[in-house]
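The following account leads the reader through the structure shown below, from its overall composition to selected local features.

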Amino acid sequence: MSHTSDNALHAIIEATGDLGFRDPLAGVDSRLPEGAAPADLAAYCLMLGDDALVMSHRLQQWCTRAPELEEEVALANIALDLLGQARLLLSRAAQIRNGAGDAGRGTAEGAAAGRWDEDRLAFFRDAAGFRNVRFAEAPHDDFAHAMVRLLVFSAWRLALLDRLSSSRDPVLAAVAAKGVKEVAYHRDHAAGWTVRLGDGTELSHLRAQRAWDAVLPEAAELLHVHEVEGRLAAAGVAADPSTARGELEDVLARVAEAATLRHRPPGRAPDGGTGRYGVHTPELDSLLAELQEVARAHPEATW
Amino acid sequence: MVTGRRSSGQAGRPAAPAGETATGRAREVAASVADPELPMLTLADLGVLRDVREEPGGGVTVTITPTYTGCPAVEAMRDDLRARLLREGFTGVEVRVVLDPPWTSDWISASGRRKLEAAGVAPPGPAPRRAPGPVPLTLGPRPPGRGVRCPRCGSGDTAELSPFGATACKALWRCRACAEPFERFKEI
């Protein structure tokens, strides 16, 4: 290297005028697929992004509380993968809502006109504005509960992302194709723990069964099809969650058997009134109070 | 929150020795930037550098791809690339990120694999190939590391401790011969 004084920081500030997080979609092809209403596509990206953001936060709450150090690292990694997916999906929702192009980004006029961005969506929406499934917001009673919930969530999300990797929306397809590789690890990790706990000691079996009985009935919500999902699936843009039932049930039945757990498959999907419609449990309020506290206390802060 | 675009994209051409194109020089500089989390590897070794080109209207566009969606190193890569190219005399430097096709550990170069091993990180095996249909469920430990050699003592008697490690791209392993733990680059 010809330069001995390594003043990269100075060069960055000179080149960009700031330091820190950028739009995670900067430089990614932002064209919209034909045949899909932009409002639908933005709403759909919010759904998938909110699922990831809220589940990520629940997993982050295990930091300093996991049963062993390796597991703490694992849960932090899984949460980070989901947070990365959430950033891209919320940015995509904002990009569509703001209209194609970057005009007004980061300007006072843009802010005054109510432009969205990932931070605004994550930190300045109230619970009723969130479109995540309620399944993602439930607190984890114990470690067995966390693993069973992560198993069901990941098996479902993996099936959706796998379908989405051939979406006609190029951004969704690209985010999904990367996500499949990540979420496959998450699902297998949770499945491994469910087997160890279920087929472990008398106490671990008891708690794994208790978790299974508590979590599985909630899984019906995951297979409900919101109108937006239905319309976009018909247009080849979204994944229809009801088509994931067979794959989800197969994975859960196999894990339950290996874990010596009494299995009950997810029941019928509820009609409306789910998290997809903004109907949430009080647990989401307390989760958001924690997630949004710093940003709301310092709304002018940048990072 | 700004994009990587500069207001005036005038291509500054460093005084390149005869016979060397500016694109070639830019590629050389970009390829030599170290990965922020695995500093023994360059971005070219890691396989995240997809394209370096001089724009007809001026400026240099570098295209990179993230390893994992949430990998915070992408921000640092972007900054490091821009800073290095500016310092080497290029102007109008833009760094683009592409997500498709998704990065795979198969893109780590042969020299990258040697450098990983020399630094005590077992290099990844071939990325899993998927048959059509649902992503297969792996119950129990991942298929035992046939061919995963301990980077310290070289023994093949190794086992996975956890599929997640200090960075998104690595797993924790241990060697049963020398009893030392080590990191292994995951194949994805």
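**Two chains and their architecture**

The secondary structure of chain A consists of twelve helices and zero strands. Read along the sequence, chain A accordingly follows the pattern α-α-α-α-α-α-α-α-α-α-α-α. The model is a predicted one, and confidence is therefore treated below alongside the geometry. Of the 303 residues of chain A, 48% count as buried. Among the contacts in chain A with a separation of 6 or more, 76% join residues 24 or more positions apart.

Chain B has four helices and seven strands. From the N terminus on, the elements of chain B are arranged as α-α-β-β-α-β-α-β-β-β-β. Chain B has 188 residues, and buried residues make up 41% of them. In chain B, residues 24 or more positions apart account for 57% of the contacts with a separation of 6 or more.

**Confidence along chain A**

The mean pLDDT of chain A is 88, and 86% of its residues reach 70 or more. Within chain A, confidence is lowest in helix 1 (residues 8-16), with a mean of 42, and highest in helix 7, at 98. Over residues 1-20 of chain A the pLDDT is below 50, and this stretch has 18 contacts in the model beyond near neighbours in sequence. The pLDDT is also below 50 over residues 100-107 of chain A, a stretch with eleven contacts in the model beyond near neighbours in sequence.

**Helix packing in chain A**

Two packed helices are described by the angle between their axes and the distance between the axes. Helix 7 (residues 143-164) of chain A and helix 8 (residues 170-198) of chain A pack at an angle of about 150 degrees, and their axes are 7 Å apart. Because an angle over 145 degrees counts as roughly antiparallel, helix 7 of chain A is roughly antiparallel to helix 8 of chain A. The crossing of helix 7 of chain A and helix 8 of chain A is left-handed. The residues of this contact between helix 7 and helix 8 of chain A comprise 19 nonpolar, four polar and three charged.

A second pair is formed by helix 2 (residues 38-60) of chain A and helix 10 (residues 227-234) of chain A, whose axes come within 10 Å and cross at roughly 115 degrees. The crossing in which helix 2 of chain A passes helix 10 of chain A is left-handed. From helix 2 of chain A, Asp40(A), Leu41(A), Ala43(A) and Tyr44(A) meet Val228(A), Glu229(A), Arg231(A) and Leu232(A) in helix 10 of chain A. The residues of this contact of helix 2 with helix 10 of chain A divide into five nonpolar, no polar and three charged.

**Backbone features in the loops**

Which peptide bond is cis, with omega near -5 degrees? This is the bond from Asp100(B) to Pro101(B). Pro101(B) lies in the loop between strand 3 (93-97) and helix 4 (110-118) of chain B.

Thr260(A) has a positive phi of about 55 degrees, although it is not a glycine. This residue, Thr260(A), is found in the loop between helix 11 (245-258) and helix 12 (282-297) of chain A. With 13 other C-beta atoms within 10 Å, Thr260(A) is partly exposed.

In chain B, Ala179(B) is a residue other than glycine with a positive phi, near 65 degrees. Ala179(B) is placed in the loop between strand 6 (170-175) and strand 7 (181-185) of chain B. Ala179(B) is exposed, with 10 other C-beta atoms within 10 Å.

Notes:
Residues are numbered from 1 along each chain as its sequence is written. Chains are lettered from A and ligands numbered from 1 in the order in which they are written. This is a predicted model: local features need pLDDT of at least 70, side-chain atom pairs count only at pLDDT 80 or more; totals for chains, interfaces and linings use all residues. Axes are lines fitted to C-alpha atoms, for helices over the stretch in contact, and angles run from 0 to 180 degrees between N-to-C directions. Helices (H or I, at least four residues) and strands (E, at least two) are DSSP runs, numbered from the N terminus. Angles under 35 degrees count as roughly parallel, over 145 as roughly antiparallel, 65 to 115 as roughly perpendicular and the rest as oblique. A crossing is left-handed if the near helix is turned anticlockwise from the far one by less than a right angle, and right-handed if clockwise. Ala, Val, Leu, Ile, Met, Phe, Trp, Tyr, Cys and Pro count as nonpolar, Asp, Glu, Lys and Arg as charged, and the others, Gly among them, as polar. pLDDT is the predictor's confidence in each residue, from 0 to 100. Two residues are in contact if their C-beta atoms, placed from the backbone, lie within 7 Å. A residue is buried if 20 or more other C-beta atoms lie within 10 Å of its own, exposed if 12 or fewer, and partly exposed in between; C-beta atoms are placed from the backbone.
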